[in-house]
Each structure stands twice: as structure tokens, then as C-alpha cells.
Amino acid sequence: MKKSKSLLLMIALVLVIGTVLAGCGGNNNNANSGNNASPTNAAATDNAGTNTGTAGEETLAADQTLRINLSAEPPTFDPAQAQDSQANTVLKTMYEGLTRMNDETGQAEPGIAESWEISADGLVYTFKLRDAVWSNGDPVEAVDFVNAWKRVLDPNTDPTAPYAYQLYYLKNAEEYYTKKVADFNEVGVKAVDAKTLEVTLKAPTPYFLGLLSFYTYYPVHKSVEGNAKWATSKDTMITNGAFTLTEWTTGQSLQVTKNDKYWDAASIKLSKIDFSLVNSGATELLSYKNGELDRAGAPTGDLPSDQLPIIEKELPNEFNRKGIASVYYYEFNVTEKPFSNAKIRKALAMSINRQALIDNVTLGGQLPAFGFVPPGIAGADGEYRTAIKDSYFTEDVEAAKKLLAEGLAEEGLDKLPTFELSYNTSENHKKIALAIADMWKQNLGVDVQTVNQEWAVFIDNRQNLNYQVARAGWTADYNDPMTFLDMWVTGGGNNDTGYANPEYDKLINDAKVSSDLAARQEMFAKAEQMAIGDDMILMPIYYYTNNSLTKEYLKGITLDFSGAIDLTRGYLLEH
Amino acid sequence: MGMVRYIANKLFYMLVSLFVLVSATFFLMKAIPGDPFTSEKKVPPEIKARLYEQYGLDKPLYHQYFKYLGDIAQGDLGVSMKRLNQDVSHLIGQTFSASLKLGAVAIVVSVIVGVVLGMLAALYHRKFIDSAAMVLAVLGIAVPSFVVASVLQYVFAYKFGWFPVSGFKGPLNYFLPVAALSAQPIAFIARLTRSSMLEVLNADYIKTAKAKGLSWIQILSKHVLRNGILPVVTYIGPMTANVVTGSVVIEQIFGIGGIGKQFVEAIGVRDYTVIMGITIFYGVLLMLARFITDIAYVFIDPRIKLSGGKEG
């Protein structure tokens, strides 16, 4: 009896271990042998090298249904309430603003506005609207924009628009929100006639045409008035974009269908887009390989980072990597010792090896960052980062040691006390924090305690300066260095470092009112030199990349400078 | 009379427990740092103040608490603070329907497969079938469900291509998540059935029945199964509550928009009304399951007597 029991236990154990090992081993096998089960394998060899093939050879697939995954469900489809990239992805298919971004050129192109004129002082924009209609057939008129923008700026909208400040570029917009101006007619937007919209700005804003393609600036149909719940059901959503929402099962799936009334319907080849809502990178990758998705990975979904090098080798023709305008960094609480000392901060920034971190830990082909404004952001002439190199400091362990010693002497310390490095719960943040803490230990002999915090707790602590060194990331809101550099002004809403430098504030304020592009760029370069080169209020680590997989038969999907995706002009080739 | 009082008593205690649950969750939830409007890109103070005002978060805590109690007393769970203007009841309804469908199938499968496995093991006691069934049972209990789920997904969806990897659209979508979800209950039920059937098979009345000349089939169906399955019935109550409330891990792996996933997401973004709504929903569901099990005991097990004063 006893013997048979222990035998049973043995068998069970062997089976358990066997199953687990089989699970792991299977993955590797697959990585080496290529995906036999994938229906795209044949297509991959057929189409190899025809990436640049001319349009003439392309045959469209009969079924133009694009299948894609969103790693989170958009919390809302009300353009005034949206705040996140997932909502952006879906709203972009459903709405069109005055302009549309051409992701290839990075320029704003006519959208609902057919043409526009800009006054000499750069303050007044006059838009001529084209003959576009809503999905129910009503014409899209200038007044739809006025009403939409009024909803955003009205503190009594239910609920008030969290992104109302995205419209503060308009004259008297902030004043209207804060009730200093009671009459909306004084705000800088006016419907001159049904097809003419006049917009007056507070200050010349070189990137304003690009902003108009952003969802907070989308028009809404007049039926939304008085119906706070209009965006919670597909039946009450009247939109003006290339697609309309036709299915929505909370937590499960979304579907948009081509809108035949869209003014440019002739350029839309997709008949439907099916979105699944899965927030597991492993599942998304498997679904893609299994032919259930046509595209996987950033920005809509997620690929497991430890799989990236494998995928890159396994599916070279489907794997894409693109730098995006986002930066990953560690910020210092400059209001508290010992990080009130710039030399100590610099020593930390100079004593890590960014490339080693990227090659061994993050694995996503990110770019080492030595500045705060990422590549891809427009400057006076071409990209800002091309004109102004991010050579504000170098990695140099010896110099770092010297700086640390000097800094400690200034602070009257003989050794850097153990400090806390906090990050929000995530496998990737954890790996990076441990690697960097180890580099600091090795190179400078300082002791670091890494602290893992749940997301909202972490944000709360960071915003209240209740930290020493903390992980952070920033993505561009619009295509201008200002979206990165105006963060660090004294008392700025997103200035979580406690940095206060009147000279820096002056540079940013001057740049805000300047319409001279070259002069602005100079001011930005000086400001960046000040914050990073001189004061090192934060330690840049890397510029983000988007890693994604696209089936070779899927074409026409574009990503903009910030990594936001435009699905509307996509199409599927026969496969 | 005894029954009515018994039920009234139970209901009263359920209400008290629900009240304690709601109050404890409310204050604990408010005690964690962050709120629904915490975001990496900070909302300007004037806009944040306005949002607080609209959702009543600017009021003192006791005020928010009593207002919430008043609302739920009227059956109003409110609207989500993150999924703007969506009714909490709608969110619960949509996500629970997915968990319920999946859970119901999983329960039926677990009971049938578990009982059959357990019976076979008991009937072929110490034979190969017994050992095989028990190895399976040990495996089912020992291997965590996410491992089962991942392995099933990899082998049957990806390698063999028999089932979709993820989604919840057609009947094919049910197979893998149901298998992953029922692995543990099957193992448990099989073991329960086996041991209680073994006990029954050795009982004197079975010998009597055999002596009377009843056929095996009759003995099995009339005597063995009926008595042997009793412990399984008591296990079904808590298992049902467990399974239909949604397994976060299984839902995550197979991309199913169930209520478990929804609950975890709501906590992550501090969606106060949704957290409370699902907590109340879970509470009621679990209490009802317990309640029904308690009532069922009274009918099934004659040893349980209601305090009707008969003894006196």
C-alpha cells in the first residue's frame, strides 16, 4: 500500500515537471524551426522582397476585414472625454478633424477643412470646410466645431473634459473654463457661415495645424446636446469619419464598419476593423502567429519583451521597429538631500551603461538617451534632435567617481547614504531598476534600495515629491519640443522633480510667444542644456521604440511621430 | 413555521454581512492613495477641482459614504468614473454574462467528468483505472490553472490549430477555457466521489442489496450513486460561486471579457463606483450560494434539525 502510494506520487511529479518543461521547450523549438502552423509562412516566401513592389501588381483580398488587438478597452468614445492612446486609435477611425496628419511627411493635410488662411501675425486661422456629411447624412458645418469645442471648455459638461486644457491655445479659452469670461462668443472660435470657421489663438503656435487633427478638437454631432450618455451606446453615436462603431461588447470586442457617407470613402478599402480586447502579450503573440490577428504589438497591443529577439529572427519580414517620440528616464527629487546636489545627480547619470542595458535587459532596440527631447520631434528645419545633438553628458565612470566625491564633500558626507529607487509594478521596470542599481553599486559603490509600488500609489507619491529617485516616462502630446521642455518650469503641473529655475522659466516663456522658428529652437536648446547638461534634474535612459508584427499582406497602416497608429487607409492583399 | 423563521434569520444576517462588507470596502478603498483622476499627465488644478465636485469627491468622507449607502438602498449603483457615463449595472451585466456562460459550462463539465472518473476509480479500486484517475486528480489539483491554460492554448490552439487562441465568439471558443477552468474542480470531485463511493460500497446495505439479488445497475443507481454523491452536492455550492465570479487568470490568457478581469482593472484605476458595484454583486452572489446550500442541507440531510423546539 505504502509503496504504491509513493509510486503514484512519483508518477504525478514526473508528469507535472514534464508538462511544465514541455511548455518551455516547445516555445524554443518553435522559435528555431519557424512557425509551421502559421498560414502566412507560404505568403512570407512568396512575397519575400516584394515589399517595395509597385501598386500595379497588388491584388486586393476579397475580405477586407482587418483584425487587430487593443490591450485595453477605450474608456470612452466621446472625443471630449478621451485621454488615452487606445481611445485615440479607435476615435481616429470614427472621426475626422479639420486636418489629418500625413504620417509619412509629418505634415497636417486638409481633413474636414478643405483649405485655410493664416493671418500674418500667426494668430487668426480661417478654415473653409468641404462638403462632408455625418454618418446620418447631416452636413458637417462650422457650428459643429464651435459646439464641440464649447463642450470641451464648458466646466458644466457632464462630466467636465479632463483634456479641456488641450484647447487653451484658443483666445480666452482658459478664461472661459475658469469663468473669468462668461460669454462663449469671446472665445477664439466663430462660425462665420455654415462652411467657414474662424479660429483666434492666444499666441502664435507653429504646431497648431497638427493639433487640429487631435481628438479633443474633433467635431461632434448636434444630437449629443442634452444626452450625457450618447457615447455609451453605438446607436447614439453619429460620427463623421471613415468608419462607424457597429459592435461593442464590454471587455470583449469592438467593431467598426466602413462609413459610405465619409467624404473620402473612395480611398477607404477596408470594409471592417475587428478589435479584440486582450491584455496579455503572450496571448496576442500566439493569436498573431495563429492567424487570428493581422497585426500585433505596439502601439495598440503588446509583445512580450523577452520574446522580441526571438521574434525578430523568426519573422524578419513581419517584424517592425520604429523609434517614437517618448523618453524613459529616472527623475530626482531635487528638493531633498542628497539629490539637491547637481554633482551627485550627474555622477549617477554618467555611471550607467545604457547600451548594455538595452542589449541585455530591455531588448527592444531602444536608443540610448542623453537628452530629454527624443528624435522624431520637429524643429525649425527638419528634426530638432538632428539639429541639436543630445551630447549634454557622456558615460564616464572615472569622471562620475570624481564628481560624486566632490558632491559628497560639498554636502559634508563621506559616503552616499542608501537611497530608494521607486518604480511602478511592471516586470520591465523592475528589471531595469535592478540592472541600474547593480551598475551603480559596481561603478560607484553606492547602495540602492529598489521599491516597487502599485501604479496609483506610485503616481501619488511622485506627484507629492515623496520619493528620492523615481522612474518616469513622457510621450509627446504634439509635435514640438515644447511638449517635453515646458514640463520643468517652476511649479509646472507635471514637474515632479521640484526643479525651480527662473532662467529656465524665462526661456520657456519666451519660446511660447515667439513665432521665429530658429529663435525658438535656440531657446529650447539652451533650456535643455540647463535642465540636463547643467542641472541633471533627471537622468535620461532611453528613447522608446515601437515593436510590432505586421502580416505581409497588410499594407497602408501608418504610425506618426509619437507612435500613434492610423488604420483608416489600410488594406489587405490577397494571401 | 420553523422554516420561515430559519430563512428570515438567515436573510437578516445576510443583510448585516452585506452592510459590513460595503462599509469596510468603501473605507479601505478610499484609504489607498490615488483616485480615479490620478494620471501620469497631471490634470490642471481647476479641471481636477471641477471633476471632484461633479463626482462628489470634494465632500467629507462620511458624506460620500452616506450618500453612497442612500444610492444603493435605492438600487442605484451609479456610473463608472473611468468608463465615462457608463452605468455600473450595465458593465456588471455585460461582463458577468461572459463569466456566467463560461462558468456554467465548466460546472456541468466538472460534475459529469468528476463523478464519472470518481465512480470508475471506486469501482475498479486498486486497478489501473483507479491509479490513472487518481494521477489525473493529483495533477489537476497540483498544477496551477494558468499553467494548464497556457499549455492547452499552446498545444491545442497553436500547435494543432484545433481551437482559436483567444476570443469568446463561437462554441469553439469554449473548449480550452472550460478545460482549464474545470481541471481543478474535476480533480476535487473525482476524489470526493471516489472516497465516498468506496465507503458506501463497503456498507452493509450494499451487501444486503446484493444478497437480495438486485442487479449491479440497480444497486449502483439506487444505492451507491445516491449516497455516494452527497458530498459532491455540498461542494457544488461554493464551487459555483467560485467559478462564475470569473477567474482573472483564465480570462486574461484566453482574452475573455469577464467580470474578474473587469474587477481587477477597476481596482487598478481606482474606479470607485465599479469597485463597489462588483464587490456588492460578489457579496450577494456568494451569500445566496451559501444560503441555498444551507437550505439544501436541511432537505438532503435529515440529521440537520431546525430549532423548532421539538426536542423540548
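Chain A exposes about 23100 Å² (Shrake-Rupley method, 1.4 Å probe). Carbon and sulfur atoms supply 51% of that area. This is a predicted model: local features need pLDDT of at least 70, side-chain atom pairs count only at pLDDT 80 or more, and totals for chains, interfaces and linings use all residues. Residues are numbered from 1 along each chain as its sequence is written, chains are lettered from A in the order in which they are written, and side-chain values use heavy atoms, with hydrogens and water left out.

**Fold of chain A**

- Chain A holds 17 helices and 21 strands (DSSP runs: H or I of at least four residues for helices, E of at least two for strands).
- Its radius of gyration, over C-alpha atoms, is 26 Å, close to the 25 Å that the globule rule (2.2 Å times the number of residues to the power 0.38) gives for 575 residues, so chain A is as compact as a globular protein of that length.
- The C-alpha trace of chain A spans about 80 × 70 × 50 Å along its principal axes.
- Of the 575 residues in chain A, 57% are buried (under 20% relative accessible area, 1.4 Å probe, protein chains only).
- Take the contacts in chain A (heavy atoms within 4.5 Å) between residues at least 6 apart in sequence: 69% join residues at least 24 apart.

**Cavities**

- There are five cavities of 30 Å³ or more (on a 1 Å grid over the protein atoms alone, sets of points where a 1.4 Å probe fits but cannot get out).
- The largest cavity has about 160 Å³ of space (the volume filled by probe spheres set on the points).
- It is lined by 16 residues (an atom within 4 Å of a point), with K92(A), Y95(A), R100(A), Y218(A) and D566(A) closest to its centre.
- Strand β2 (residues 99-102) of chain A gives the most to this lining, three residues.
- The second largest cavity has a volume of about 90 Å³.
- Its 14 lining residues come from both chains, including E73(A), G251(A), R83(B), K261(B) and E265(B), which lie nearest its centre.
- Helix α12 (residues 259-268) of chain B supplies the largest share of that lining, three residues.

**Second largest pocket**

- This pocket (an open set with protein on both sides within 12 Å along at least five of seven lines) holds about 970 Å³.
- Its lining counts 38 residues, and Y165(A), Y169(A), Y478(A), D486(A) and K512(A) lie nearest its centre.
- Two or more lining residues come from each of α15 (482-485) and α16 (502-513) of chain A and α2 (45-55) of chain B.
- α16(A) gives the most, six residues.

How values were computed:
Buried < 20%, exposed > 50% of the residue type's maximum accessible area, 1.4 Å probe, protein only.
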